[in-house]
Amino acid sequence: MVKLEFHDPSGALEITQPHAARLASLKGKRIGFVSNEQWQAYRMLPMVKEMLEADFPDITVLPIDAYPQGNALIGEEDTARQVQMSGVDAVIVGNAA
Amino acid sequence: MKNAVSGIGLAPDAAMVTFPVNMFLPGSDINPVRERIREIYNGLTLWKSEFAQASGAAKMITVEAPTYEQALDKANNLYLTSLWGDGLPLRPATKERVDWVLQGSTLPRTHVLGKFPPRGGITTVETCAIALAMAGGRPEYLPVLLAAVEACLAAEGFDQLQATSGGPFPAVIVNGPIAKQIRLNSGFGLLGPDPQRPAGASIGRALRLIQQNVGGALPGVGTMAIFGAMRYTNAVFAEDEDNLPPGWQPHATQRHGYAPGTNSVSVVFASGVSNVRRRGAKKETPEEDALNGMWRMADFMRTPNLAVLHGWEKGTPGIMMIAPIVAKQMAKIGWTQQSIREFLWENSKIPMAQLRRAGAPAWFEIDTNPKVRESIALDPWPICMKPDNIVLVVAGGGHPTHSYWLQAHSSPTVPGRVIRVPETFERLLADADRDLGCGDDVCRI
């Protein structure tokens with residue numbers, strides 16, 4: 001038998017931070033949206049907001065424009081700071097395509 | 001999205017709800033959001049990452065078969081099924097081959113160049129040598145590849161360039177004596193293929209493999225390049241410095257300030273090429289021939305290429321390649337690099353009415369750069385902020401008929417890097433002469 005041994009070309013990955021912990025429930029929670037304002041986000045995210053408010057009457061859902069919007073701004077440190085300062089329990093990010 | 005999250009150091013998965021792309025188009029039916037709202041709720045509450053730890057160091061893989069041919073087939077099949085191939089045959093990156101390629105590095109194999117976006121794969125000198133080995137490369141090519149990788153990693157917005165639907169590809173301009181030394185083409189057919197000057201194909205293919213395998217730029221998943229732009233080998237070529245007209249400077253000197261004779265790379269992210277038939281067909285004088293050709297080049301450049309807005313201030317709208325024989329003829333009648341750029345800049349301006357008709361101002365308005373937003377007041381609108389942004393390169397075969405316009409795609413900057421060669425470089429070049437035949441002025445035709 002001929003044996004060929006060669007390198008995996010994909011390069012190692014380094015996990016430096018955990019994903020955010022999940023919520024036990026959405027009851028009474030405060031939820032925000034980070035929107036890139038593209039790919040129909042301006043229609044879909046309000047629909048999600050409306051449904052959250054209907055399904056969880058004691059929930060607080062911030063307005064879609066509570067934080068800076070648009071691809072150029074949503075990845076900025078300042079946006080992350082605003083999210084943190086707003087005291088939300090979770091954010092929904094959309095839309096990617 | 002998985003690339004995007006792993007690129008910032010999270011486990012390579014995320015709580016996502018995905019829909020068919022037609023739901024993201026204007027006027028679409030968005031009711032599927034309503035129907036699947038529970039999945040969004042679950043993403044906030046029940047979702048768990050499937051990746052507990054990092055993938056660890058790159059490992060060795062083994063295939064076995066009764067004959068060498070069959071083992072090679074198995075290796076190539078494995079490259080494809082693991083999503084590491086490009087559809088063309090590859091050379092397995094064996095320890096022996098990778099160690100040979102690594103002779104071209106001045107840096108230790110474990111030296112980290114950076115994390116390749118968007119996936120964030122750790123990119124070491126060895127990672128590059130593995131890709132170059134797979135792409136059929138040689139050790140003397142490695143210094144150029146390493147500099148090109150460094151330049152890409154330094155490029156502003158490189159994570160987006162890797163992932164965008166526009167399908168940009170790195171166009172790597174090499175200056176300095178290394179180009180001829182390693183058989184990198186600057187003449188006829190410089191964008192390949194060329195059996196006498198194969199360096200550009202191997203280096204560019206290796207860079208593409210790194211983009212895909214380490215950076216995660218897989219079609220339709222990690223790179224949303226709608227058309228793909230024939231990106232098998234990117235574009236790696238040399239400027240024909242030997243044939244620059246008197247007084248003209250190499251591209252790397254003009255753009256990056258490197259002293260003439262410095263080995264360097266300069267990277268523009270291009271999205272396509274247009275051939276410009278510039279020569280006259282009748283009894284033009286040299287002056288008419290030059291001017292007619294310049295107008296045709298400007299006409300090709302005068303397009304509402306909105307993808308290039310990010311590079312409007314400091315990047316480039318593209319690379320204009322003119323053949324050495326044309327450059328010399330134009331220089332003889334008084335054209336300079338500066339006057340060519342100024343002509344092209346002035347005459348590629350677009351009337352604002354045309355841009356408004358095409359809905360372009362919306363893209364200006366959402367740009368983060370205030371200078372781009374303010375440029376909407378310019379009428380006609382210049383395709384870049386200043387003439388110097390246009391990359392002008394003297395390269396191509398000794399023939400006067402055509403110029404070549406490589407249109408850029410969102411190149412916010414044009415990064416450059418000096419190429420470092422090992423002390424043993426002369427020996428590597430001698431080995432190449434032994435393996436590939438005659439030296440830097442190779443031509444057997």
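## Exercises on a two-chain predicted model

Residues are numbered from 1 along each chain as its sequence is written, while chains are lettered from A and ligands numbered from 1 in the order in which they are written.

**Exercise 1.** Work out whether the peptide bond from Pro117(B) to Pro118(B) is cis or trans.

*Solution.* Look at omega: the value is near 0 degrees, and the bond is cis. Now hop to chain A, where the bond from Gly94(A) to Asn95(A) is cis too, with omega near -10 degrees. Asn95(A) belongs to the segment that follows strand E4 (90-94) of chain A.

**Exercise 2.** Find out whether Trp39(A) is buried or exposed.

*Solution.* Start with the place: Trp39(A) is in the loop between strand E2 (30-35) and helix H1 (41-55) of chain A. Next, the backbone: phi is positive, about 55 degrees, although Trp39(A) is not a glycine. Then count neighbours. A residue is buried if 20 or more other C-beta atoms (placed from the backbone) lie within 10 Å of its own, exposed if 12 or fewer, and partly exposed in between. Trp39(A) has 20 C-beta neighbours inside 10 Å, so it counts as buried. Gln40(A), in the loop between E2 and H1 of chain A, also has a positive phi, near 70 degrees, and is buried with 21 other C-beta atoms within 10 Å.

**Exercise 3.** Describe the side of chain B that touches chain A.

*Solution.* First, the head count: 58 residues from chain B and 36 residues from chain A take part, a contact being two C-beta atoms, placed from the backbone, within 7 Å. E1(B) gives the most to chain B's side, with six residues. Sort that side by type and you get 37 nonpolar, 17 polar and four charged; here Ala, Val, Leu, Ile, Met, Phe, Trp, Tyr, Cys and Pro count as nonpolar, Asp, Glu, Lys and Arg as charged, and the others, Gly among them, as polar. Last, check the strands: six bridges join strand E1 (residues 2-7) of chain A to E1(B), running antiparallel, and strands pair if DSSP finds at least two bridges between them. Within E1(B), Ile61(B) is the bridge partner of Phe6(A).

Notes. This is a predicted model: local features need pLDDT of at least 70, side-chain atom pairs count only at pLDDT 80 or more; totals for chains, interfaces and linings use all residues. Helices (H or I, at least four residues) and strands (E, at least two) are DSSP runs, numbered from the N terminus.
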